[in-house]
Amino acid sequence: MKKKHIKKESWVCYLFVGLMAFICFLPLWITFSASISSEADIVKEGFALFPKNPNLDTYQYIIANKGRMLVRAFGISFLVIFIGTLYSMVIMTTFAYAAAQKKEVYRFASAISFFAWFTTVFSGGILPWYILVTKYYGLQNNIFALFIPYGMNVFFMFILKSNFKAIPEELIEAAKIDGAANYKIFFIIALPLAKVGMVTIILFMALQYWNDFHLSLYLITKQEMYTVQKLLYNMMANISALLSGSKAVVDAAHVTIPSNTARMVMTMLTVLPVVAFYPFAQKYFVKGVTIGAVKG
């Protein structure tokens, strides 16, 4: 009876998780369905689960008219992910390792932890931030503007700090007795033992850089520096940002501009890299969440 009861509870959990997964998947499917529909069907009947006359006309239309812009935007986005994630991890790991030390090792450990926490509670606001990064740091219309302001994520830093604190003190003491300096302990012992947490933070930071459009919205005005998200944002705000300068606009009197389907196509092009990447990274998310849950 007990086994049957447990099995019934498992099925309830499976059904609930499956229902939540379906609810999360449904908007993505509707977006995909709209992206392969015709503009006339969308205007006439609205969005549907299944397109009546599926086609790839809008995909071909966008690639033909703005293919170079898309390739450049994807290239900039991937470059920002690579450089920005590396830059953020260097800052956060070193900061977290220093903050995780005891007062006997580093007397300012508590002070820098408080300083990091303080910035999450109080901030100067968007206008002073904008003046600082543009006038004094010169972060405008260059690649550095797309990742330097996100160098430190305090929440992720505290997660890394917890990983470093979980390292057995006996191991650190043994390394010091053997004559290892602090930098050797950091690179040879601390970083490998905090690998699971670091990989999880790397994945979250990469996702943050990919989804971000605020930095490009505030700091980028040159079209050749647009990221994929900025391109998508412009298109959502005004479809002419995607279609400007194309031959179809000149012949607009004879061609129906695929405004609705074009938005859906751009959304799919933005989401697909994440959807393709997530299954390979899922095990690291699970490990990152469960690390420290079982002690032995």
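Helices here are DSSP runs of H or I with at least four residues, numbered from the N terminus. Helix H5 (residues 126–136) gives the most to the nonpolar patch, with 6 residues.

This is a predicted model, in which local features need pLDDT of at least 70, side-chain atom pairs count only at pLDDT 80 or more, and totals for chains, interfaces and linings use all residues. Residues are numbered from 1 along each chain as its sequence is written, and side-chain values use heavy atoms, with hydrogens and water left out.

**Surface patch**

The patch covers about 810 Å². Its members are Ile 126, Leu 127, Tyr 130, Ile 131, Leu 132, Tyr 136, Tyr 137 and Tyr 218. Nonpolar side chains (Val, Leu, Ile, Met, Phe, Trp, Tyr) are joined within 5 Å. Areas come from the Shrake-Rupley method with a 1.4 Å probe, and only the protein chains shown count as cover for residues. Ile 131 sits in helix H5.

**Core**

A nonpolar core is a set of buried Ala, Val, Leu, Ile, Met, Phe, Trp, Tyr and Cys residues joined through side-chain atoms within 4.5 Å. Buried means under 20% relative accessible area, exposed over 50%, and partly exposed in between. The largest core has 57 residues. Met 92, Leu 160, Phe 164, Ile 201, Leu 231 and Met 266 touch the most other members. Helix H3 (residues 57–99) gives the most to this core, with 15 residues. Beyond its neighbours within four places in sequence, Met 266 is in contact (heavy atoms within 4.5 Å) with Ile 62, Leu 70, Leu 231, Leu 232 and Met 235.

**Aromatic pairs**

The structure holds 21 aromatic pairs. Rings of Phe, Tyr and Trp (its six-membered ring) pair if their centres lie within 6.5 Å; planes under 30 degrees apart count as stacked, over 60 as edge-to-face and the rest as tilted. Trp 29 and Phe 50 are edge-to-face, at 6.1 Å centre to centre and 70° between the planes. Trp 29 lies in helix H1 (residues 2–35) and Phe 50 in the loop between helix H2 (39–45) and H3, so the pair ties together parts 21 residues apart in sequence. Phe 25, Trp 29, Phe 32 and Phe 50 form one aromatic cluster.

Phe 114 and Trp 117 have ring centres 5.6 Å apart and planes at 40°, so this pair is tilted. The two are 3 residues apart in helix H4 (residues 109–121), about one helical turn.

| Residue | Relative accessible area | Class |
|---|---|---|
| Trp 29 | 28% | partly exposed |
| Phe 50 | 62% | exposed |
| Phe 114 | 49% | partly exposed |
| Trp 117 | 43% | partly exposed |
| Ile 131 | 39% | partly exposed |

How values were computed. Buried means under 20% relative accessible area, exposed over 50%, partly exposed in between (1.4 Å probe, protein chains only). Patches are made of residues with over 30% relative accessible area and no salt bridge: like charges are joined within 9 Å, nonpolar side chains (Val, Leu, Ile, Met, Phe, Trp, Tyr) within 5 Å. A salt bridge is a side-chain nitrogen of Lys or Arg within 4 Å of a carboxyl oxygen of Asp or Glu.
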